Amino acid sequence: MILSAGDSPTPGWRLFIPYVPEIIWSAIFIAIFAVVFMRFVLPRLNAVLDERAEKIEGGIRRAEEVQEQADQLKADQESELAAARQEAAAIREKARQDGQRIVEEAKARAEAENERVLASGRQQLTAERIAASHELRGEVGTLASDLASKIVGESLTDDERSRRVIDRFLDDLESSQAATR
């Protein structure tokens with residue numbers, strides 16, 4: 001149909017409302033499309049979505065397992081680290097105790113050596129004092145005997161008598177020195 005400028009086949013309000021045959025054919029097409037979509041496309045789409053959901057859930061489960069393993073490894077590592085720290089502390093304490101024991105032993109050995117050297121020195125000093133005393137006593141005796149011989153004018157050659165005189169003289173001398181101290 002050919003329309004002229006003044007003829008209007010449909011009024012303006014009819015543009016928004018379709019004809020009944022168009023509505024029926026559109027409904028039939030939509031029903032056919034819905035059946036095909038629900039019969040063929042929707043099951044495949046659901047299968048793909050289910051498979052994807054399973055993959056995601058499997059990934060999450062694997063991630064949780066890996067996280068649990070990582071947590072377990074971390075806990076094991078921390079316990080090993082704590083054990084190593086305790087062992088290191090025990091080793092340091094043992095080394096400190098060994099060092100202290102070694103120092104104490106060295107001090108004890110040094111003190112023992114010091115006491116031994118002092119005792120040896122005292123013995124040697126006592127022996128030298130006794131030897132010097134005997135030597136001095138003998139020299140003083142000889143000098144006193146010579147002096148007494150010169151004073152008395154006679155020779156004191158009798159050894160026993162001169163020894164008694166000298167011993168008495170030295171004893172008197174020692175007692176007078178002790179009294180003055």
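This note walks through the structure above, point by point.

1. **Ground rules.** This is a predicted model, in which local features need pLDDT of at least 70, side-chain atom pairs count only at pLDDT 80 or more, and totals for chains, interfaces and linings use all residues. Residues are numbered from 1 along each chain as its sequence is written, and side-chain values use heavy atoms, with hydrogens and water left out.

2. **The overall picture.** The protein chain has two helices and zero strands (helices are DSSP runs of H or I with at least four residues, strands are E runs of at least two, and numbering starts at the N terminus). Of its 181 residues, 4% count as buried; here buried means under 20% relative accessible area, exposed means over 50%, and partly exposed lies in between, with a 1.4 Å probe and protein chains only.

3. **The surface.** The protein chain has an accessible surface of about 16,200 Å², and carbon and sulfur atoms account for 60% of that surface. Such areas come from the Shrake-Rupley method with a 1.4 Å probe; for residues, only the protein chains shown count as cover.

4. **An annotated stretch.** In an unreviewed UniProt entry, residues 23-42 carry the annotation "transmembrane region". UniProt positions follow the numbering used here, feature names are shortened, and annotations may be inferred rather than shown by experiment. In the model, this span is 100% helix and 0% strand, and the C-alpha atoms at its ends are 25 Å apart.

5. **A negative patch.** Which residues gather in a patch of negative charge on the surface? They are Glu64, Glu65, Glu68 and Asp71. Patch members have over 30% relative accessible area and no salt bridge; like charges are joined within 9 Å, and nonpolar side chains (Val, Leu, Ile, Met, Phe, Trp, Tyr) within 5 Å. Lys and Arg count as positive and Asp and Glu as negative, while His and the chain ends are not counted. Each charge is placed at NZ of Lys, CZ of Arg, CG of Asp or CD of Glu. Take Glu68 as an example: it sits in helix α1 (residues 20-152) and counts as exposed because its relative accessible area is 57%.

6. **Glu51 and Lys55.** There are six salt bridges in the count, a salt bridge being a side-chain nitrogen of Lys or Arg within 4 Å of a carboxyl oxygen of Asp or Glu. One of them links Glu51 with Lys55, whose closest N and O atoms are 3.6 Å apart. Both residues belong to helix α1 and are four residues apart, about one turn of the helix. Glu51 is partly exposed at 44% relative accessibility, whereas Lys55 is exposed at 57%.

7. **Glu113 and Arg116.** This salt bridge has an N to O distance of 2.4 Å. Glu113 is partly exposed at 38% relative accessibility, and Arg116 is partly exposed at 48%. Elsewhere, salt bridges with shared partners join Lys94, Asp98, Arg101 and Glu105 into one network.

8. Asp98 and Arg101 form a salt bridge at 3.7 Å, N to O. About one helical turn separates Asp98 from Arg101, because they are three residues apart in helix α1. Asp98 is partly exposed at 24% relative accessible area, and Arg101 is partly exposed at 40%.
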